[in-house]
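Subject: The structure to look at

Hi,

Here is the structure I promised to pass on. Have a look at it first, then read my notes below.

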Amino acid sequence: MTDSDAAGRLVRPFALTGGRTRPSRADFTLITTVTAVDPPPEGSPRPQAEQSRILRRCARPVAVAELAALLDLPVSVVVIMLCDLLEAGLITAHPPRPVSPRTPDLDLLQKVREGLGRL
Amino acid sequence: MAGSDALATGTAAPAAPDTVKILIAGGFGVGKTTMVGSVSEITPLRTEEPLTVAGLGVDDLAGIEEKRATTVAMDFGRITISDELVLYLFGTPGQQRFWFMWNDLAVGALGAVVLIDVRRPESSFAAVDFFERRRIPFVVAVNGFDGRHPYPADDIRESLALPADVPVVLCDARRRESSRDVLIALLDLLIAAAVD
């Protein structure tokens, strides 16, 4: 990706966000899973071109980091667009499994351990 | 059910899996992406985040004076544990000036692997410090040179001044089974701590 390409890409997504109230960017971590709502809710606005690209990529659940890599866009830009899509009811967002070192989830850890053992 | 999430709006979405992550850290060029790639079920993906010079401290500009902006690249891979659970592996940016990104990455991680190049272990000292200071559980994985290990694990432990409870694993990051065993060593550490 050249610098001019990156600059050109940055303009459109940020321009799309236009100061509306929307879900917080903090709602989307790198491993938050997003899924397009199918069919889209009645009366929802027609998605713009970049939004349609995202919706096509998340017909099945996909993590935000994967989405950004597949679209070749920075995560920060994808997250802003996801905020709009979530607000419009065009996607659902599934937060990562909460992890706290103080209260470890033994069942979760054992599942991961078993999964790795099967590799 | 996705529909019961606080964030979910709308309906008719297929069930999304729970996700967890492990960080693969270490100095520049120690083999982090190699390790991610050897166990990942997908070819490692890369995200690039633009950074403006204003976001960096003055001292951090050495070597990039010519640039107005730069990008931080992050490589990551995926291991599907089950229909309900997916593990992501994130290789942390190796250059020291991008370490502020590690804080964000570390939030919500199960733990970390600090990968060490057996030829220059000092390049990963700072990574060991990072996880020790934040009390994030980690294992040290010593990546051999062409698969060879001239030093026993205990020598590495001594040179890094590691506490006895931090596992040191000799590995070959190019090999899937070897990288998997490193991750299993981390999970065993986490499980032992959870059972205590």
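Predicted model: local features only at pLDDT ≥ 70, side-chain atom pairs only at ≥ 80, totals over all residues.

Let's begin with chain B. Its secondary structure comes to five helices and seven strands. If you walk along chain B from the N terminus, the elements come in the order β-α-β-β-β-α-β-α-β-α-β-α. Of the 196 residues in chain B, 41% are buried. Now for the contacts in chain B with a separation of 6 or more: 70% of them are between residues 24 or more positions apart.

Have a look at helix 1 of chain B, residues 32-39. Is it mostly covered or exposed? Mostly covered: eight of its eight residues are buried. Among them are B:K32, B:T33 and B:M35, and the list also includes B:G37 and B:V39.

Next, the place where the chains meet. Chain B puts 45 residues into the contact, and chain A puts in 41. On the chain B side, six elements supply at least two residues each: strands 1 (18-25), 2 (45-52), 3 (69-82), 4 (85-91) and 5 (109-117), plus helix 5 (176-195). Which of these gives the largest share? That is helix 5 of chain B, with nine residues. By type, the side of chain B that touches chain A has 30 nonpolar, seven polar and eight charged residues.

Then there is the largest nonpolar core, which has 76 residues. The residues with the most contacts inside this core are A:V64, A:L82, B:V113 and B:V114. Helix 4 of chain A (residues 75-87) provides the largest share of the core, nine residues.

Last, a sheet in chain A. It is an open sheet of three strands in the order 2-1-3, and the pairing is antiparallel. Strand 2 (62-63) and strand 3 (91-94) of chain A are the edge strands, as each pairs on one side only. Strand 1 of chain A (residues 33-36) runs antiparallel to strand 3 of chain A, and four bridges join the two. To find your way there, look for A:V34, which stands opposite A:A93 in strand 3 of chain A.

Cheers

Methods
Residues numbered from 1 in each chain as written. Chains lettered and ligands numbered in written order. Pairing = 2+ DSSP bridges. Contact = placed C-beta atoms within 7 Å. Nonpolar A, V, L, I, M, F, W, Y, C, P; charged D, E, K, R; others polar. Buried ≥ 20, exposed ≤ 12 C-beta atoms within 10 Å, placed from the backbone. Core = buried A, V, L, I, M, F, W, Y, C linked by C-beta atoms within 7 Å.
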